[in-house]
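Hi there,

Here is the structure I promised to pass on to you. Have a look at it first, and then read my notes below.

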Amino acid sequence: MLRVFAAFSVLLLAAPAVAQDARLKVTATFSILGDVVKNIGGDRVEVTLLVGPNADAHVYSPSPADARKLADAKVVVLNGLGFEGWIDRLVKASGSNAARVTAAKGVTPRRKTEGHGHSHGSDPHAWQSVANVKIYAANIRDGLVAADPAGKAQYVSNTAAYLAKLDALETEVRETVAKIPADRRRIITTHDAFGFFKDAYGLDFIAPQGVSTESEASAKDVARIIVQIKRQKIPAVFMENISDPRLLKRIADETGAKIGGTLYSDALTGEKGPAPTYIDLIRHNLKQISGALTTS
Ligand SMILES: [Zn+2]
């Protein structure tokens, strides 16, 4: 009896169970961030999302339910870099006094790809470089510790474990890209979401739609890209889960480039899809890209 009791106490000390209602309420602006928060927060946090799986944060318009989520949250985690143009108004409307954590704080900004789409200033898609998501994780850890100091040890150890996974992922990306012949490292996507991936890993992405999905590609942009695909013999075009696939199908038809599959740029899939977590998303994209570019 005594031994059982002692074992039980040790268990309690090792992994204090957090009662459902005692969890730190965190709202993340979109699904990719929500996944990073879950990895750092573990069972101490309850994460809600504003923009869910397979949804497009660029053209999001907040609902009254979103304002209620924010009003309940103790912490709101956003990407920053201008991604959530709607956040200030929503926070104000909700009366929220949640602590704000900007995940991309400290990331080296990049300008949007020249000549594509309309100017929206800097490129918000910093999560397409795994090294940047390590910065996200550290910012989120610090934000959670500040809001819930009693959870510090858990947040710190969860973060260390997650960073190790991200390091392994980064290595995997570099090794896979290195195997793609240099003259085939070019693909077409719908919107310009992969600039950070391009800068980090040396693949060229060309997009008719610009860094936001807000503005449609012009006929001129599309015509220019068709010429470019033919001239540079670009092997594959990719669709995205958040964009209208018709444009790329048309480009593929006119150029003979093959449709390489679907890439996940700005949103995770649901649980049963191929990209329910950030790490799955990068792995899935990598597999699609290397599959299309290494075989002809
Ligand atoms: Zn985007």
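First, a word on helices: the expected span of a helix is 1.5 Å times one less than its number of residues. Helices (H or I, at least four residues) and strands (E, at least two) are DSSP runs, numbered from the N terminus. Helix H10 has 17 residues, and from its first C-alpha to its last it reaches 24 Å, close to the 24 Å expected at 1.5 Å a residue.

Please keep in mind that this is a predicted model, in which local features need pLDDT of at least 70 and side-chain atom pairs count only at pLDDT 80 or more, while totals for chains, interfaces and linings use all residues. Residues are numbered from 1 along each chain as its sequence is written, and side-chain values use heavy atoms, with hydrogens and water left out.

The zinc site

Four residues coordinate the zinc ion at 1.9 to 2.1 Å: His58 (NE2), His125 (NE2), His191 (NE2) and Asp266 (OD). Donors here are N, O and S atoms within 2.8 Å of the metal (3.2 Å for Na, K and Ca); water is not among the atoms, so sites may look incomplete. The site is tetrahedral, with angles of 94 to 116° among the four donor atoms. Along the sequence, the donor residues follow the spacing H-x66-H-x65-H-x74-D.

A buried arginine

The loop between E4 and H5 also holds Arg110. Why does Arg110 count as buried? Because its relative accessible area is 12%. The side chain of Arg110 makes a polar contact of 2.8 Å with the side chain of Asp123, and one of 2.8 Å with that of Asp199. A polar contact is a pair of N or O atoms within 3.5 Å; within protein, one must be able to donate a hydrogen and the other to accept it, and residues adjacent in sequence count only if both atoms are side-chain atoms.

The cores

A nonpolar core is a set of buried Ala, Val, Leu, Ile, Met, Phe, Trp, Tyr and Cys residues joined through side-chain atoms within 4.5 Å. The largest one has 70 residues, and Val77, Ile140, Tyr278 and Ile289 have the most contacts inside it. H10 gives the most to this core, with eight residues. Another core, of 14 residues, lies apart from it and includes Ile188, Val222, Ile229 and Leu247.

Strand E3 (residues 75–78) contains Leu78, which counts as buried at 6% relative accessibility.

Two positive phi values

Most residues other than glycine have a negative phi. Leu81, in the loop between E3 and helix H4 (87–94), has a positive phi near 60°. Leu81 is partly exposed, at 24% relative accessible area. Lys233 has a positive phi of about 50° and counts as exposed at 67% relative accessibility.

Enjoy exploring!

Conventions:
Four donors count as tetrahedral if all angles lie between 85 and 135 degrees; four count as square planar and six as octahedral if opposite donors are over 155 degrees apart and all others between 65 and 115; anything else is irregular. Buried means under 20% relative accessible area, exposed over 50%, partly exposed in between (1.4 Å probe, protein chains only).
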